[in-house]
Amino acid sequence: MDNNELSRWASLLNKATAEESSMDNWIDASAHNVRLPALSISNVDCSGYLHKMGGHYKSWKKRYCVLKDGCLFYYCDVNSRSAQGVAHLHGYTTNANPVTNKKNAFDLVPPESKMRTFHFYAETKVDQER
């Protein structure tokens, strides 16, 4: 292996390590935010009430949701002290025409079929499009 190839490998490995470190920082930040009250998360991308279908019982529950940095934190209500859960949405796509009879519904579809699909509906078209 010549010096150019060795330098190339070193450069690519350093870049990969830095990206993983960046991912670790993102995971650490989302783990921190899930323990915060909804109104304590700063610089949110969007927040408000949505109806979310439960993963186990398949019933609709109204949840206060906070979107920040590709993570959707969901709470029982705006005054909850910590999130009920978080969806890490990197790689997900939005399906605005889900198979449900709910008006203003949309699905968050994962990049792999083994991952969870999230089902939501908004009370108004304006809320859906936010």
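The largest nonpolar core of this predicted model has 12 residues, namely Leu50, Cys65, Leu72, Tyr74, Ala87, Leu89, Tyr92, Phe106, Leu108, Phe118, Phe120 and Ala122. A nonpolar core is here a set of buried Ala, Val, Leu, Ile, Met, Phe, Trp, Tyr and Cys residues joined through side-chain atoms within 4.5 Å, and buried means under 20% relative accessible area, exposed over 50% and partly exposed in between, with a 1.4 Å probe and protein chains only. The elements that give two or more residues to this core are β3 (71–75), β6 and β7. A second, separate core of 9 residues includes Ala38, Ile41, Cys71 and Tyr75.

The model is predicted, so that local features need a pLDDT of at least 70 and side-chain atom pairs count only at pLDDT 80 or more, whereas totals for chains, interfaces and linings use all residues. Residues are numbered from 1 along each chain as its sequence is written, and side-chain values use heavy atoms, with hydrogens and water left out. In terms of pLDDT, the predictor's confidence in each residue from 0 to 100, the protein averages 82, and 75% of the residues score at least 70. Confidence is lowest in helix α2 (residues 125–129), with a mean of 62, and highest in strand β2 (residues 60–68), at 94.

The protein has 2 helices and 7 strands, which follow one another from the N terminus as α-β-β-β-β-β-β-β-α; helices (H or I, at least four residues) and strands (E, at least two) are DSSP runs, numbered from the N terminus. An open sheet of 7 strands has the order β4-β3-β2-β1-β7-β6-β5 and antiparallel pairing, where two strands pair if DSSP finds at least two bridges between them. Its edge strands are β4 (85–88) and β5 (93–95), each of which pairs on one side only. The twist averages 35° from one strand to the next, with axes taken as lines fitted to C-alpha atoms (for helices over the stretch in contact) and angles running from 0 to 180 degrees between N-to-C directions.

Strand β6 (residues 105–109) is joined to strand β7 (residues 118–121) by 4 bridges, and the two run antiparallel. Within this pair, Ala105 stands opposite Tyr121 in β7, and the bridge partner of Leu108 in β7 is Phe118; both Leu108 and Phe118 belong to the largest core. Strands β5 and β6 also pair in the antiparallel sense, over 3 bridges, with Thr93 opposite Val109 in β6. Because 4 of its 5 residues are buried, β6 is largely enclosed by the rest of the structure.

Of the 130 residues of the protein, 31% count as buried. The table gives the relative accessibility of several individual residues.

| Residue | Relative accessibility | Class |
|---|---|---|
| Cys71 | 2% | buried |
| Asn33 | 10% | buried |
| Cys46 | 21% | partly exposed |
| Asp69 | 47% | partly exposed |
| Glu123 | 48% | partly exposed |
| Asn43 | 66% | exposed |

Contact means heavy atoms within 4.5 Å. Asn33, which lies in helix α1 (residues 3–33), touches Ile41, Lys68, Phe73 and Tyr75, not counting residues up to four places away in sequence; among these partners, Ile41 and Tyr75 are members of the second core. Glu123 is placed in the loop between β7 and α2 and, leaving aside its neighbours within four places in sequence, is in contact with His51, Lys62 and Asn104. The C-alpha atoms of Glu123 and Lys62 are separated by 9.9 Å, although the two residues are 61 residues apart along the chain. Among contacts between residues at least 6 apart in sequence, 38% join residues at least 24 apart.

With neighbours within four places again left aside, Cys65 is in contact with Cys46, Ser47, Gly48, Leu50, Leu72, Phe73, Tyr74 and Phe120.

Most residues other than glycine have a negative phi. Asn43, in the loop between α1 and β1 (46–53), has a positive phi near 50°, and Asp69, in the loop between β2 and β3, likewise has a positive phi near 50°.
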